[in-house]
Amino acid sequence: MKVRRDWYDLPEGVRLAVEHNIGQVLKTDSPTAGRNSELALTLWSEAGPVYCKGITTASSAWSSMHRNEMAVNPSLPDELAPRLLWHVETEGWLLLGFEHVSGQHADLSPDSADLPLVADAVAQISRTPLPPAPVARRSMSEQWARGLAAEIGSPLPPEAESWSAENLGLLDEWAIRAPDHMDGSSLAHTDLHPANILVSGRAQIIDWAWWRTAAPWVDPAFLLIRLIAEGHDPEAAEKWGCQFDGFSAAPPEALTAFVASVVRMWERRFSNTAATEAARQWARYRLS
């Protein structure tokens, strides 16, 4: 997580460059969510609010994520994601200004009225064409293989859940197959969770920094973990996922390999989170 900066922490030249786009900033609001930007603010001017996120360009990995989001945004339908209105790069900072979207973070609990709206958004992601050349393809399969290579064979942390420790060999056996199944040519957000889904009459997806090209079941599968974390049992969550053509057509072994790989990827990094526990629940269900 990056250290958050305030508006007046920015160099004066950066603030002036932003105000060249929106006029004088009259006030700012800070969102409670988000972890990948050093600056994340709603900026208010006489022209109205814009959402601004930014990063110092010396942080090459983190600034690359912001450039990824810049690259994909023009290809996203207006009803699916807030439009990128402008960007500023000066004095070591990269700032992106987005259309301001009101709404609440999605409620993914069973019987939530948000679920059909979220489903519409997820289906629209799968129908959205990839960004045209020269935007580079970003393979989920290759990225996942790199991540797994660092995890497979690594010991679990002492705080790891006992089921994961007892089934480490089985998890590794399945997890190593996941990258091949994840290869595909569909647009995937890859980080769908309630904080990245804003609902207000429709669901809009924010924070596209991690977008990839992947098999069409990948986004529904990531979201299923979040449904389980919000109280769905794994069987019910899979039934919900089957409304998506890509998920319903996914080979069963692909889903088993995927969730085993998620447990291996997350167990060591975020052992005690609700999302990791949900992944374990799904893995236990599929491996039982």
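**View 1. The surroundings of Met-140, in a predicted model.** Setting aside neighbours within four places in sequence, Met-140 is in contact (heavy atoms within 4.5 Å) with Met-182, Thr-190, Arg-212, Thr-213, Ala-214 and Phe-222. This is a predicted model, where local features need pLDDT of at least 70 and side-chain atom pairs count only at pLDDT 80 or more, while totals for chains, interfaces and linings use all residues. Residues are numbered from 1 along each chain as its sequence is written, and side-chain values use heavy atoms, with hydrogens and water left out. Met-140 sits in helix 4 (residues 140–151); helices here are DSSP runs of H or I with at least four residues, strands are E runs of at least two, and both are numbered from the N terminus. Is Met-140 buried or exposed? Met-140 is buried, with a relative accessible area of 2%; buried means under 20%, exposed over 50%, and partly exposed in between, using a 1.4 Å probe and protein chains only.

**View 2. The buried side of helix 6.** Look along helix 6 (residues 168–175) and you'll find Leu-171, Asp-172, Trp-174 and Ala-175 buried. They lie on the same side of helix 6 because they cover an arc of only 165° around the axis, taken from the directions from the helix axis to the C-beta atoms. The buried residues of helix 6 pack against helix 4, helix 5 (162–166), helix 7 (178–182), helix 11 and helix 12.

**View 3. Helix 11 meets helix 12.** Helix 11 (residues 252–267) and helix 12 (residues 274–287) pack at an angle of about 145°, and their axes are 9 Å apart. Axes are lines fitted to C-alpha atoms, for helices over the stretch in contact, and angles run from 0 to 180 degrees between N-to-C directions. Among the residues making the contact are Phe-258 and Trp-266 of helix 11, and Trp-282 and Leu-287 of helix 12.

View 4. Strand 8 (residues 197–199) is joined to strand 9 by three bridges, and Val-199 has Ala-203 of strand 9 as its bridge partner.

Key: Pairing = 2+ DSSP bridges.
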